[in-house]
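Biologist: I have not seen this structure before. Could you take me through it, one question at a time?

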Amino acid sequence: MSASLVGSEMCIRDRTNMNVRYKASAKLNDTVIIETWIEKYNSLSVTFKQLIKSKETEKVFIEALFDVVAINEAGKLYRRLPEEIVQAFKKDDEKCPVCV
(Lines give C-alpha, C1' and ligand atoms only; values in the text may rest on other atoms or scores of the structure.)
Protein backbone atom coordinates (compact mmCIF):
# COMPACT_ATOMS: atom_id res chain seq x y z
CA MET A 1 0.00 0.00 0.00
CA SER A 2 1.48 3.29 -0.96
CA ALA A 3 -0.20 6.67 -1.41
CA SER A 4 1.58 10.00 -1.61
CA LEU A 5 0.46 13.59 -1.71
CA VAL A 6 1.82 15.60 -4.61
CA GLY A 7 4.43 18.04 -3.39
CA SER A 8 4.62 16.44 0.05
CA GLU A 9 7.06 14.15 1.78
CA MET A 10 4.24 12.23 3.49
CA CYS A 11 3.20 8.72 2.53
CA ILE A 12 0.52 6.44 3.87
CA ARG A 13 1.88 2.99 3.43
CA ASP A 14 2.64 0.96 6.54
CA ARG A 15 -0.01 -1.58 7.49
CA THR A 16 -0.45 -1.89 11.22
CA ASN A 17 -3.28 -4.42 11.16
CA MET A 18 -4.82 -6.65 8.51
CA ASN A 19 -7.86 -8.90 8.85
CA VAL A 20 -8.75 -11.10 5.85
CA ARG A 21 -11.77 -13.39 5.67
CA TYR A 22 -11.75 -15.99 2.92
CA LYS A 23 -15.37 -16.70 2.01
CA ALA A 24 -15.00 -18.74 -1.19
CA SER A 25 -12.49 -19.71 -3.83
CA ALA A 26 -12.28 -18.12 -7.24
CA LYS A 27 -11.64 -20.48 -10.12
CA LEU A 28 -8.96 -20.17 -12.77
CA ASN A 29 -10.09 -17.72 -15.48
CA ASP A 30 -12.78 -16.17 -13.24
CA THR A 31 -13.05 -12.44 -13.74
CA VAL A 32 -12.99 -10.66 -10.39
CA ILE A 33 -13.75 -7.15 -9.19
CA ILE A 34 -11.67 -5.60 -6.43
CA GLU A 35 -13.47 -2.85 -4.52
CA THR A 36 -11.54 -0.73 -2.01
CA TRP A 37 -12.79 2.18 0.06
CA ILE A 38 -12.07 4.08 3.25
CA GLU A 39 -14.11 2.51 6.03
CA LYS A 40 -13.03 5.04 8.67
CA TYR A 41 -10.21 7.36 9.59
CA ASN A 42 -9.02 9.32 12.57
CA SER A 43 -6.02 11.45 13.42
CA LEU A 44 -3.75 8.39 13.77
CA SER A 45 -4.70 5.91 11.06
CA VAL A 46 -6.92 5.04 8.10
CA THR A 47 -8.95 1.81 7.85
CA PHE A 48 -9.63 0.49 4.35
CA LYS A 49 -12.16 -2.19 3.48
CA GLN A 50 -11.72 -4.40 0.46
CA LEU A 51 -13.97 -6.90 -1.30
CA ILE A 52 -12.88 -9.29 -4.01
CA LYS A 53 -15.88 -10.73 -5.81
CA SER A 54 -17.02 -12.42 -8.99
CA LYS A 55 -17.82 -10.07 -11.86
CA GLU A 56 -20.51 -12.41 -13.15
CA THR A 57 -22.30 -13.41 -9.92
CA GLU A 58 -21.02 -10.82 -7.41
CA LYS A 59 -20.25 -13.68 -5.03
CA VAL A 60 -17.73 -12.42 -2.45
CA PHE A 61 -14.49 -14.40 -2.32
CA ILE A 62 -12.52 -12.24 0.11
CA GLU A 63 -13.42 -9.52 2.58
CA ALA A 64 -10.57 -7.59 4.19
CA LEU A 65 -9.98 -4.71 6.57
CA PHE A 66 -6.57 -3.12 6.93
CA ASP A 67 -5.25 -0.19 8.92
CA VAL A 68 -2.45 2.02 7.67
CA VAL A 69 -0.45 4.82 9.29
CA ALA A 70 1.47 7.76 7.88
CA ILE A 71 5.24 7.71 7.53
CA ASN A 72 7.63 10.09 5.85
CA GLU A 73 10.01 9.25 3.00
CA ALA A 74 12.70 8.24 5.53
CA GLY A 75 10.30 5.71 7.10
CA LYS A 76 9.69 7.73 10.27
CA LEU A 77 6.24 7.25 11.80
CA TYR A 78 4.05 10.32 12.15
CA ARG A 79 2.33 10.42 15.55
CA ARG A 80 -0.72 11.92 13.84
CA LEU A 81 -1.85 11.98 10.24
CA PRO A 82 -0.77 15.25 8.65
CA GLU A 83 -3.61 17.78 8.61
CA GLU A 84 -3.56 17.94 4.79
CA ILE A 85 -4.50 14.24 4.66
CA VAL A 86 -7.30 14.60 7.22
CA GLN A 87 -8.65 17.61 5.32
CA ALA A 88 -8.52 15.67 2.02
CA PHE A 89 -10.60 12.87 3.59
CA LYS A 90 -13.09 15.38 4.99
CA LYS A 91 -13.39 17.05 1.59
CA ASP A 92 -14.17 13.69 -0.04
CA ASP A 93 -16.74 12.96 2.70
CA GLU A 94 -18.57 16.16 1.81
CA LYS A 95 -18.83 15.05 -1.85
CA CYS A 96 -20.15 11.59 -0.98
CA PRO A 97 -23.89 11.41 -0.14
CA VAL A 98 -23.46 7.93 1.38
CA CYS A 99 -20.63 8.99 3.74
CA VAL A 100 -22.81 11.21 5.93
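Biologist: Which residues make up the largest nonpolar core?

Modeller: Keep in mind that this is a predicted model. In soluble globular proteins, nonpolar side chains tend to be buried together. Here S4, S5 and helix H1 (83-95) each supply at least two residues of the core. Its 9 residues are Val46, Phe48, Phe66, Val68, Ala70, Leu81, Ile85, Val86 and Phe89.

Biologist: In what order do the elements run from the N terminus?

Modeller: The protein has 1 helix and 5 strands. Read from the N terminus on, the order is β-β-β-β-β-α.

Biologist: How many bridges join strand S4 to strand S5?

Modeller: Strand S4 covers residues 46-54 and strand S5 covers residues 60-72. They form a hairpin, with 5 residues between them. The two strands run antiparallel, and the number of bridges joining them is 8.

Biologist: Which residue in the turn of that hairpin has a positive phi?

Modeller: The turn lies between S4 and S5. The phi there is about 65°, and the residue is Glu58.

Biologist: Is Leu51 buried or exposed?

Modeller: Leu51 lies in strand S4. Its bridge partner in S5 is Glu63. The relative accessible area of Leu51 is 14%. Buried means under 20%, so Leu51 is buried.

Biologist: What distance separates the C-alpha atoms of Leu51 and Trp37?

Modeller: Along the chain, Leu51 and Trp37 are 14 residues apart. Between their C-alpha atoms, the separation is 9.3 Å.

Biologist: With which residue does the side chain of Thr47 make a polar contact?

Modeller: Thr47 is also a residue of strand S4. At 7% relative accessibility, Thr47 counts as buried. Its side chain makes a polar contact at 2.5 Å, and the partner is the side chain of Asp67.

Biologist: What share of the residues in the protein is buried?

Modeller: The protein has 100 residues. Leu51 is one of the buried ones, and so is Thr47. Overall, the buried share is 27%.

Biologist: Now the surface. Why does Met18 count as partly exposed?

Modeller: Met18 lies in strand S2 (residues 10-22). Partly exposed covers the range between the 20% limit for buried and the 50% limit for exposed. Met18 falls in that range because its relative accessibility is 48%.

Biologist: What is the area of the nonpolar surface patch that includes Met18?

Modeller: Three side chains matter here: Met18, Val20 and Tyr22. Together they make a nonpolar surface patch of about 330 Å².

Note on methods. Residues numbered from 1 in each chain as written. Predicted model: local features only at pLDDT ≥ 70, side-chain atom pairs only at ≥ 80, totals over all residues. Heavy atoms only, no water. Patch = residues over 30% accessible without salt bridge, like charges linked within 9 Å, V, L, I, M, F, W, Y side chains within 5 Å. Areas by Shrake-Rupley, 256 points an atom, 1.4 Å probe, with all protein chains shown as cover. Salt bridge = Lys/Arg side-chain N within 4 Å of Asp/Glu carboxyl O. Helix = DSSP H or I, 4+ residues; strand = E, 2+ residues; numbered from the N terminus. Buried < 20%, exposed > 50% of the residue type's maximum accessible area, 1.4 Å probe, protein only. Pairing = 2+ DSSP bridges. Core = buried A, V, L, I, M, F, W, Y, C linked by side-chain atoms within 4.5 Å. Polar contact = N/O pair within 3.5 Å; in protein donor to acceptor, adjacent residues only side chain to side chain.
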